[in-house]
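Q: Hey, can you walk me through this structure? I'd like to start with one of the helices.

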Amino acid sequence: MRRGRSWGARLHRGQGRALRRSGFNTRTRWMDIVKDMGLPGLHFHDLRHTGNMLAAESGAGLKDLMARMGHDNVRAAMIYQHAVRGADTTITDAIDRQINDRDDDEDGAAGTLTPVS
């Protein structure tokens, strides 16, 4: 398998032939399994989407996301990166906490930036 290709390309239906989308639900009993798990309506592709969202939230760059998805075009990777822009707020909050924690440990007032000479 070439690097950068989707792991989904490895699913086989026997005799080394790729499992086609049209036969996936029947051959894997996907619908029955997700219903038994209490997750009716969960599609196999939702797992791919979740994995890509988690990778983007973890800070994966465009090239990393493209490799994970097996895409040559940045469009799809940019969709995932755009979707996690909320991470900016989390990062900013973490930086603020670090500044406040350091100020609490020193003699200065919490949240006050002091120029370095």
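This is a predicted model: local features need pLDDT of at least 70, side-chain atom pairs count only at pLDDT 80 or more; totals for chains, interfaces and linings use all residues.

Q: OK, and which residues of H5 are buried?

A: Those are Ala76, Ala77, Tyr80 and Gln81. Looking down the axis of H5, you'd find these buried residues within an arc of 140°, so they line one face of the helix.

Q: What do the buried residues of H5 pack against?

A: They pack against H3 and H4.

Q: Let's move to H4. Which of its residues are buried?

A: In H4 the buried ones are Leu65, Met66 and Met69. They fall within an arc of 100° when you look down the axis of H4, so they line one face of that helix. H3 and H5 are among what covers them.

Q: What follows H4?

A: Gly70 does, and its phi is positive, near 75°.

Q: And what comes after H3?

A: Another glycine: Gly59 follows H3, with a positive phi near 100°.

Q: How far apart are the end C-alpha atoms of H3, and what span should its residues give?

A: The ends are 21 Å apart. H3 has 14 residues, which at 1.5 Å a residue should span 20 Å, so the two values agree.

Q: Which residues of H3 are buried?

A: Asn52, Met53, Ala55 and Ala56. They cover an arc of only 160° around the axis, which puts them on the same side of H3. The cover over these buried residues includes H4 and H5.

Q: Wait, Asn52 is on that list. Why does it count as buried?

A: Because its relative accessible area is 3%, and the cut-off for buried is under 20%.

Q: What does Asn52 touch?

A: Leaving out residues up to four places away in sequence, Asn52 touches Leu65, Arg68, Met69 and Tyr80.

Q: And which residues does Ala56 touch?

A: With that sequence limit of four places again, Ala56 touches Leu65, Tyr80, Gln81 and Val84.

Q: What's in the largest nonpolar core?

A: It has 11 residues: Met53, Ala55, Ala56, Ala60, Leu65, Met66, Met69, Ala76, Ala77, Tyr80 and Val84. The elements giving two or more residues to this core are helix H3 (44–57), helix H4 (62–69) and helix H5 (74–83). As background, nonpolar side chains tend to be buried together in soluble globular proteins.

Q: New topic: how many aromatic pairs does the structure hold?

A: One. The rings belong to Trp30 and Phe44, with centres 5.4 Å apart and planes at 80°, so the pair is edge-to-face.

Q: Where do Trp30 and Phe44 lie?

A: Trp30 is in helix H2 (residues 30–36) and Phe44 is in helix H3, so the pair ties together parts that are 14 residues apart in sequence.

Q: Is Trp30 buried or exposed?

A: Trp30 counts as buried, because its relative accessibility is 12%.

Q: And what about Phe44, how accessible is that one?

A: Phe44 has a relative accessible area of 25%, so Phe44 is partly exposed.

Definitions and conventions: Residues are numbered from 1 along each chain as its sequence is written. Side-chain values use heavy atoms; hydrogens and water are left out. A nonpolar core is a set of buried Ala, Val, Leu, Ile, Met, Phe, Trp, Tyr and Cys residues joined through side-chain atoms within 4.5 Å. Buried means under 20% relative accessible area, exposed over 50%, partly exposed in between (1.4 Å probe, protein chains only). Helices (H or I, at least four residues) and strands (E, at least two) are DSSP runs, numbered from the N terminus. Contact means heavy atoms within 4.5 Å. Rings of Phe, Tyr and Trp (its six-membered ring) pair if their centres lie within 6.5 Å; planes under 30 degrees apart count as stacked, over 60 as edge-to-face and the rest as tilted. The arc is that of the directions from the helix axis to the C-beta atoms. The expected span of a helix is 1.5 Å times one less than its number of residues.
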